[in-house]
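Colleague: I would like to go through this model with you. Could we begin with the ligand and what lies around it?

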Amino acid sequence: MLDYHAKTMHSYLSVRTKSQGIDWDNQPKQFKIYPDIYRRITLEKENSHHRFFSLIGGITAQKSYPGVSYALRTNPSAGALYPSEVYVQIRGVEDFVDGIYHLSPSESALVLLCPLAHNEGVECSLHVNKIKGFIFLFSALYYRSSWKYKDRAFRYCLHDTGHMIGTLEASCLLVEKPYRIIYGGDKQRLNELLCFGRGELYLSSVIVGEEEGFTCKDFLIDIPPVDGTGTFEANALIEETYVQTSHPLGKKQMVIPYFDLEKEHFLKSIWQRRSIRELTQKSITQEAFDRIMHYITQPIPSDVDEEIQIYAVINRVVGMNQGVWENGSYVKMGDFTQKAGYLCLEQSLGSNSAVTFFLVGKSVQNYQPMMQKAGIIGHRLYLVSEYLGIGCSGIGAYYDAEVSDFLETKGMILYALAIGK
Ligand SMILES: Cc1cc2nc3c(=O)[nH]c(=O)nc-3n(C[C@H](O)[C@H](O)[C@H](O)COP(=O)(O)O)c2cc1C
């Protein structure tokens with residue numbers, strides 16, 4: 001097991017004895033905003049080309065409490081803290097200057113950071129051929145999350161990035177464009193090229209375009225680093241783990257996923273997606289469960305594909321026995337509704353669900369791709385559930401070791417999610 005994962009486990013004792021020490025007066029900013037001197041392209045909702053970008057982490061609702069207001073987005077995020085940032089290199093696309101852009105959800109705009117000459121681009125650092133089209137680049141401003149979740153925040157930064165990639169996958173599905181994820185490449189170089197300040201970590205890229213067969217040279221953006229958090233405290237464990245896990249190596253996945261979904265209804269599901277806050281112990285059908293499993297287990301094209309086992313605690317599925325189900329068969333049978341809730345840090349989401357999922361993986365070297373993949377699977381689960389009229393919530397807080405014992409696995413527990421009504 002990766003040291004970081006072991007050190008950031010929750011247990012019954014740890015959540016009761018570790019001081020949280022949250023500095024409520026110094027909450028980091030939710031948005032990174034580049035100065036006005038950079039040219040903006042405002043994203044119009046009615047423009048289908050612009051909609052492709054708006055669906056990637058765009059704002060879909062506002063939530064207000066006394067003294068605070070949160071923007072909710074197409075992607076879910078642990079604690080609604082949104083550490084992910086998205087950039088995109090655009091080349092050879094009508095109506096766009098070739099360049100590197102920042103996708104700014106608060107302004108609903110693409111901000112042109114740096115125009116590119118024909119032979120310049122991020123491809124060199126990604127170790128891929130020149131691309132005509134889009135290369136999306138994902139980073140995390142980890143303090144937005146570690147401000148609250150301390151060391152465990154790196155897990156959530158990776159999941160959140162996976163969810164953000166999930167929003168891009170959904171956007172690609174609507175316009176019928178294939179995509180592939182690049183987890184490899186020279187991460188330190190990309191941090192420099194994109195002028196990230198300390199605390200912003202480049203994590204992965206997604207190519208939506210065609211290879212042109214030539215290599216590119218690096219470019220230089222002449223911009224000062226922009227502070228995306230306002231307050232910052234370094235976290236040594238997160239920064240060390242980032243470096244330690246920045247050189248993934250694994251097998252490629254070239255197969256493209258297949259989703260049989262009606263587009264208008266799917267688009268509505270993307271806009272409407274929310275985390276369900278309370279489940280009322282209603283059942284779902286086996287047909288819905290089968291459809292969900294088919295959708296979430298579709299291949300995810302990438303340069304490093306790490307296996308993730310999906311355990312489903314079947315609580316309330318008409319036509320299925322209660323028990324723990326994995327890859328088509330039962331690991332054990334019985335009523336584990338209360339146990340599933342207890343394991344999710346006593347959150348009723350886990351016990352009142354139709355199904356509570358636990359995602360399990362083993363890789364130390366490919367920890368970053370594996371955790372992002374867990375986020376992508378999680379995002380698929382949210383969207384297909386919404387599409388079928390079923391609620392869903394990510395659950396990042398669970399008693400790690402007790403979940404492993406319960407599932408009888410030696411793997412790392414990567415993520416939990418609950419679905420139901
Ligand atoms: C990685 C991750 C972990 C989460 N963990 C929990 C959790 O333990 N309990 C919970 O109630 N919600 C959890 N959520 C849901 C978030 O609270 C929710 O996404 C956020 O408040 C934004 O709301 P929305 O999803 O409705 O847009 C999690 C979401 C993510 C992506």
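Modeller: Please bear in mind that this is a predicted model. The ligand is surrounded by 19 residues, and the closest are Pro76, Arg274, Ser275, Gly394 and Gly396.

Colleague: Which elements give two or more residues to that shell?

Modeller: Helix H6 (153-175) and strand S16 (391-395) do. H6 gives the most to the shell around the ligand, namely 4 residues.

Colleague: And how does the shell divide by class?

Modeller: The shell around the ligand has 9 polar, 8 nonpolar and 2 charged residues.

Colleague: Let us turn to the domains. How is the chain divided?

Modeller: There is a domain 1, covering 23-244, and a domain 2, covering 274-420. Their centres, taken over C-alpha atoms, are separated by 27 Å.

Colleague: Why does the ligand lie between them?

Modeller: Domain 1 and domain 2 both give residues to the shell around the ligand, so the ligand lies between the two.

Colleague: How many residues of each domain are in contact with the other?

Modeller: In domain 1, 23 residues are in contact with 22 residues of domain 2.

Colleague: Which elements of domain 1 give two or more residues to that side?

Modeller: They are H6, strand S8 (180-182) and strand S9 (200-211). H6 gives the most to the side of domain 1 that touches domain 2, with 13 residues. Helix H6 also gives the most to the shell around the ligand.

Colleague: What classes of residue make up that side of domain 1?

Modeller: The side of domain 1 that touches domain 2 has 11 nonpolar, 8 polar and 4 charged residues.

How values were computed. Residues numbered from 1 in each chain as written. Predicted model: local features only at pLDDT ≥ 70, side-chain atom pairs only at ≥ 80, totals over all residues. Near = placed C-beta within 6 Å. Nonpolar A, V, L, I, M, F, W, Y, C, P; charged D, E, K, R; others polar. Domains from an automatic or database assignment. Contact = placed C-beta atoms within 7 Å.
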